[in-house]
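Please read the following report alongside the sequence and the coordinates.

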Amino acid sequence: MMTLGQKIRRCIEQKLDEGFKQFIIYPLGDTGMQVKEILNTMYGIQESYIIDNHRSKYNLRIKNLAFLDSINCADYCLLLSCTNPKIYEELKADASRYF
């Protein structure tokens, strides 16, 4: 069985192999922080944006989901960083309006 870190690395490498160079992390919970750490440290890639409706209230560099209206989402790969199946489906549905 793969660890969460292994799954994250596999996902990032698959997207890099597909040609993606710009990434958005959504949301920034514990899993999102792990995605950010792996993306930044292991692959030397700084995410383009972090999306998190709650944390955007406290950090101006973190955007809320509506921010995606202001960019061309086709230029980015969204890394949906959630391991809770119930929340994941809701987040996926919310993000699918943009991607």
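## Basis

This is a predicted model, in which local features need pLDDT of at least 70 and side-chain atom pairs count only at pLDDT 80 or more, while totals for chains, interfaces and linings use all residues. Residues are numbered from 1 along each chain as its sequence is written, and side-chain values use heavy atoms, with hydrogens and water left out.

## Sheet

Four strands form an open sheet in the order 3-2-1-4, with parallel pairing. Helices (H or I, at least four residues) and strands (E, at least two) are DSSP runs numbered from the N terminus, and two strands count as paired if DSSP finds at least two bridges between them. Strand 3 (62-63) and strand 4 are the edge strands, each pairing on one side only.

Strand 1 and strand 4 are joined in the parallel sense by four bridges; here Ile 24 stands opposite Leu 78 of strand 4. Strand 1 is also joined to strand 2 (residues 49-51) by two bridges, again parallel, and the bridge partner of Ile 24 in strand 2 is Tyr 49. Strand 2 in turn runs parallel to strand 3, with two bridges between them; Ile 51 faces Lys 63 of strand 3.

## Nonpolar cores

On strand 1, Phe 23 and Ile 25 point one way and Ile 24 and Tyr 26 the other way, and all are buried. Buried means under 20% relative accessible area, exposed means over 50%, and partly exposed lies in between (1.4 Å probe, protein chains only). A nonpolar core is a set of buried Ala, Val, Leu, Ile, Met, Phe, Trp, Tyr and Cys residues joined through side-chain atoms within 4.5 Å.

The largest nonpolar core has 13 residues, and those touching the most other members are Ile 24, Tyr 26, Ile 51, Leu 65, Leu 68 and Ile 71. Strand 1 (23-26) and helix 3 (85-96) are the elements that give two or more residues to this core. A second, separate core has ten residues, among them Val 35, Ile 45, Cys 77 and Leu 79. Contact means heavy atoms within 4.5 Å. Beyond four places in sequence, the contacts of Ile 51 include Ile 24, Tyr 26, Leu 28, Ile 62, Leu 65, Phe 67 and Leu 68.

Pro 27 lies in the loop between strand 1 and helix 2 (30-42). The peptide bond from Tyr 26 to Pro 27 is cis, with omega near -15°.

Ser 81 is placed in the loop between strand 4 (77-80) and helix 3. The side chain of Ser 81 reaches the backbone oxygen of Pro 27 at 2.6 Å. Not counting residues up to four places away in sequence, Ser 81 touches Ile 25, Tyr 26, Pro 27, Thr 31, Gly 32 and Val 35. Ser 81 counts as buried because its relative accessibility is 5%.

## Helix 3

Helix 3 has twelve residues and reaches 16 Å from its first C-alpha to its last, close to the 16 Å expected at 1.5 Å a residue. The expected span is 1.5 Å times one less than the number of residues. Asn 84 caps the N-terminal end of helix 3, where a side-chain oxygen lies 3.0 Å from the backbone nitrogen of Lys 86.

Lys 92 is found in helix 3 and is partly exposed, with a relative accessible area of 43%. Lys 92 and Ala 74 are 18 residues apart in sequence, and their C-alpha atoms are 16 Å apart in space.

## Cysteines

How many disulfides does a search of the whole structure find? The search finds zero, where a disulfide is a pair of cysteine sulfur atoms within 2.5 Å. The sulfur of Cys 73 is too far for a bond because the closest cysteine sulfur, in Cys 77, is 12 Å away. Cys 77 is in no disulfide either, and its nearest cysteine sulfur, that of Cys 11, is 6.3 Å away.

Cys 73 is buried at a relative accessible area of 7%, and Cys 77 is buried at 5%. Cys 11, found in helix 1 (residues 4-17), is partly exposed at 32%.

Methods. A polar contact is a pair of N or O atoms within 3.5 Å; within protein, one must be able to donate a hydrogen and the other to accept it, and residues adjacent in sequence count only if both atoms are side-chain atoms.
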